[in-house]
Amino acid sequence: MLQPGLIQLLTASDLADLRIDAIPKLQVGFRPGSFFSSFRSQDGEAKLTFIPQQILLNKDHELFEDGDIHRHLYLQNLSTCPAHDSPTARQCEFRCYISGCSQVFSTVEDYEHHYNTLHRHVCSSCQRSLPSARLLDIHIQEWHDSLFSILAERQDMYQCLVEGCGSKFRTREQRKDHVIKIHKYPSDFMFDKVKRIKNIKIAKNNMLQKGTSMEVSMSVSEPEGVCEVLSDQPEEEEYMEINHSLEPGILDPASNPINTVELSTDHDTAPILSVTIQPTTNQQRPQHNRERHSYRVPRTVCFGQGSVQGFRGHGRRI
Amino acid sequence: MWRLNAVRHKAGRQGSDLEEFKFKRREHEKELRRARKDSQLVSKRLLLNDDEEEDGTMDTLASDQVLGPCITTTVRDDDSSQQPSREAHQLLIEQPNSIAILVTNLCGPNPQCRLEAARCLHELSHSPHSEVDSLRLRQATPYLITFLSGQSPKFTELCLYTLGNMCPDSENVRDMLLAQGIIPALNNCIQIHRTNLAVVEAVGFTLSQLISANYVTERIIPAVLASGLIPRLLSVLTPDSQFGLGPVIECAWCLHYLACSNVDNGALVAQGTLLHCTSLLVTLGVAVAKGSIEEGIELLIWPLLRCVGNLLLSGPLGALQPQLNDSRLLAALCAFPQAFLQTHPALARESVWVLNNLTDSSVFCSALFYLNLVPALIQLLPFSHGINIMVLRVLGNIAHQGREYCLHLAQAGLLPALCATLKMADTEVVTFSLEVLGQLMASDPQLAEEFVKQSGLPVLEAIQYSNQETIRLRATHLLEHHLLPHCPVRTMP
C-alpha cells in the first residue's frame, strides 16, 4: 500500500534531523510573473487564470461531509461494522469531448480506441469518418469539391484507392473494376451500395464501448440524415458536430439521398469505407426530411481565425 | 476504546442480525447526511452503566431506582431495541416537580442517591423524545456545572455527558450554560482529573458539543480561547496506548472546531496548536508507515488534518515555518492518501488539501522535490472524489514557483499523467489540467516539445470541439501560443 520510499522517510530513525530549514531551496532563474503577464497582454484577456490559493474550510463545508458523518457514527456507536459500507475511491472516467459525443469510458485505452476510430479523419462537411488521411482526401475531393465534377468530365479523376497505385479513372465504375480486378478487392467491397454486413462488422468494432447498445438492424433502410446535424445545432463555433448514436441505421451510408445536396453530380454511390456518425437525437427520422435541403456549403471555411483543422489530417502528416 | 468495544460486543451477540445491523447503519448514515445538509447534525452519547456492561445482559437504558417517596420506579425495557420506552421518560417528566426532586437528590447527602439522580438526568438528556427537552432539565444545570469541579470521577463523568448532550439542543440552552459558567468549570475539571482519561474524554466531548453548534462564534468560542483550555487540550494529544484514542479524539475535534471557526487562529497558533497537531500527525504517519493502523485512527487523523489545514491560513507561511519544521509532515501528508485511499477517500482528499495550503511557499515545494514526494502525488491523479482536483491544485502551486520547479515536475513524470487527465470526464479536472499544462509550457519551450512527443496534441485538439467553453478556450490558447510551431495550421482563405 505504502511506497517503500515513503515508509523509509517516515521510519528511519536518524531523520529527526530532516528539518525544513535545512533543505536547500530550489532557485529560480527568472520570475514566472513576467511570462504570464506577457501572454495576457497579447490576448487582451487572461485565458489561464490559476494562481496558488490557500483554502479555508469552515465546519459546514461539503468537503468535510464524509469525515463528519464518520465522526457522528462513532459518537452514536455505529461506526464499527465488519464489512465497510463507506465509499471507496473511484478511478475517474474518461469522456470524449467532441461536441455531441457524450460517450464515457472507464479506461484511457477504450477512449483512445473510440477516438481513433470515430473522430480521426472526419469529413467536416458530411461527418463521415474515413479510415485514413488519404481516403479522407479522396472523399473530400470527390464529394465536396465543386471543381471535381467539372474536371472529371474531361479527364481521369477517380483515383485508385490503393496507396501507391496511382491509376486514375474516368468513372467510379471503372475504378471499382480496377480495384476488384487488379487489386483483388472483393466485389462486395464498400464502393457503391454499402453492404450491411461489412458495415456491421466495422461498426461493431467501433461500438465496443461500455454500455452502448448494439442494435443493428439488418434491413437496408433509408439513411439517416447525415448532415442535418449541422444546420440544427446552434453552436456555430464548432464546425464539427460529430455526434454519436449507435442506433439502427447508422451503418448505412448506402443509397444516400443526402448526397443530392452535395456538390458532386454523381449521386448514386456512397463514400468509400465510411462510417456515418449520427446525431444523438431521438428524432432521427422526422428530422432528416426537414433538413435534407437545408444543407449548405461545406463549412471548411471561416470557422474562426487560426483554428486548427485537425480533422483534415494535415496536422498529422508530419 | 471501551465504547467501540461495547458495540462490537453487541454486534457479536446478535450475529444473525448482522445484516439488519448493516442495513440500519446505512439508513442511519443517510439520515445523518440529510441532517448535515440542514445544519442539524447532532449526536448525543450515552454512558453505559459499568454494572450493565459486565453483566452483558442489558442493552437498554432505564434503570431501576427509587428516588424518593414521590417517584415511582421507571420501567425497565427488556426488548432489544435501544430506544428507551416513551412511557418511562414521559412518566418521569410529567410527574409534578420531577426534575426538582431529581435535583434534590443530586445535591443530597446520600452519594448513592446522587449517583442515581445523575444517572437519571443523564438518560433524560439522551432521550430522543421531544417532551424531554433541555429547557425542562435546566433546573439541574447549575448544579451539574458546579459538580464538574468535584472529585468523584464517575459522578463527574455523568454530569459531563449530561451537559454535553444538552449543548446542541438550542441557542438558549447554550447561552444559559455559558452564563452559568460552563467554560471555567470545564477548565477546572480537566485540570483536576487530568490523570483520569475517561473524564478527560468526557470533557473533550462536552466541549466539542458546545463549540460545534451553530452560531457560537460570537461569544462561546472567544470565551474558550481566552479560558486557558487550549494548553490543556494540547497536553492530551499524546495517545495512551492502554486507554486508547478516545480522549485524544475528542480533544482533536475540539481543536478543529476552534480552528475552522476562524475567530482568532493567531491565538491558537501562539499557544502551540500548530506545533502539537503537526507533531501528532507525524507520529500517526510513522505508525501508518509501520503498518500499525489502529482501529479508529482515522477519527483522530481527520480533525488534526482539518485543524492544521485551517491554521495554515492564520499567517504568512514564512512566519509559521518554525512550527512546521519537521519535514516528515510532508511525508505523512503523502502517506495518508496512499493508506486510506480505498477505505476513506475523503480523508485522502483532505490530506492533499493540507498540502495545497502548504505549497503556497517555495520552501515547501522545494522540500517536496528534495524528499521525492511528487511521484506519490502524481499517482493520485486517476482518482475522483475531488482527489485529483486537489492534487492538480498542488501541482499548479508548485509549477507556479518558476521554471526549475516546472522542469522538476516534468522529470517526475507529470506530462504523461496530464495527457491522461485531459481526457477525463470531469470538466473541472480538465480545466485544472490545462492550467497546469499551460504553466509548464510557458516556463520552458522544451516542455512543450515533450508534450508533443507524448502525443498530447490530438488531445488538445479534441478538447477544442467540446461544448464546454472553459476548456475550449484554454485548449485553443495553449495550441496557439505554445504549440504553434509544431502544428501547421491551415487557415482557409
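These legends go with a set of close-up views of a predicted two-chain model.

A note on reading them: residues are numbered from 1 along each chain as its sequence is written, and chains are lettered from A and ligands numbered from 1 in the order in which they are written. Because this is a predicted model, local features need pLDDT of at least 70 and side-chain atom pairs count only at pLDDT 80 or more, while totals for chains, interfaces and linings use all residues; side-chain values use heavy atoms, with hydrogens and water left out.

**View 1. Confidence along chain A.** The mean pLDDT (the predictor's confidence in each residue, from 0 to 100) of chain A is 63, and 50% of its residues reach 70 or more. Helices (H or I, at least four residues) and strands (E, at least two) are DSSP runs, numbered from the N terminus. For residues 192-318 of chain A, pLDDT stays under 50, and the model has 303 contacts beyond four places in sequence for them. Contact means heavy atoms within 4.5 Å.

**View 2. Confidence along chain B.** Chain B averages a pLDDT of 85, with 84% of the residues scoring at least 70. Below 50 lie residues 52-83 of chain B, a stretch with 50 contacts beyond near neighbours in sequence. The model as a whole scores ipTM 0.86 and pTM 0.74.

**View 3. Helices H6 and H8 of chain B.** H6(B) (residues 111-126) and H8(B) (residues 153-166) pack at an angle of about 20 degrees, with axes 9 Å apart. Axes are lines fitted to C-alpha atoms, for helices over the stretch in contact, and angles run from 0 to 180 degrees between N-to-C directions. The two helices are therefore roughly parallel (under 35 degrees; over 145 is roughly antiparallel, 65 to 115 roughly perpendicular and the rest oblique). H6(B) passes H8(B) in a left-handed crossing: the near helix is turned anticlockwise from the far one by less than a right angle, whereas clockwise would be right-handed. Among the residues in contact are Leu115(B) and His122(B) of H6(B), and Phe155(B) and Tyr161(B) of H8(B).

**View 4. Helices H14 and H17 of chain B.** The axes of H14(B) (residues 246-261) and H17(B) (residues 297-311) come within 8 Å and cross at roughly 25 degrees, which makes H14(B) roughly parallel to H17(B). Their crossing is left-handed. Look for Trp253(B) of H14(B) and Trp302(B) of H17(B), which are among the contact residues. The contact residues divide into 14 nonpolar, 2 polar and 1 charged (Ala, Val, Leu, Ile, Met, Phe, Trp, Tyr, Cys and Pro count as nonpolar, Asp, Glu, Lys and Arg as charged, and the others, Gly among them, as polar).

**View 5. H14(B) with another partner, H11(B).** H11(B) (residues 197-211) and H14(B) have axes that come within 8 Å and cross at roughly 25 degrees. H11(B) passes H14(B) in a left-handed crossing. Here Phe205(B) is one of the H11(B) residues, and Tyr257(B) one of the H14(B) residues, that meet. By class, this contact has 9 nonpolar, 3 polar and 2 charged residues.

**View 6. An aromatic pair.** The whole structure has 10 aromatic pairs over all chains. The rings of Phe64(A) and Trp353(B) have centres 5.8 Å apart and planes at 75 degrees, so the pair is edge-to-face. Rings of Phe, Tyr and Trp (its six-membered ring) pair if their centres lie within 6.5 Å; planes under 30 degrees apart count as stacked, over 60 as edge-to-face and the rest as tilted. Phe64(A) lies in the loop between H2 and H3 of chain A and Trp353(B) in H20 of chain B, so the pair joins two chains.
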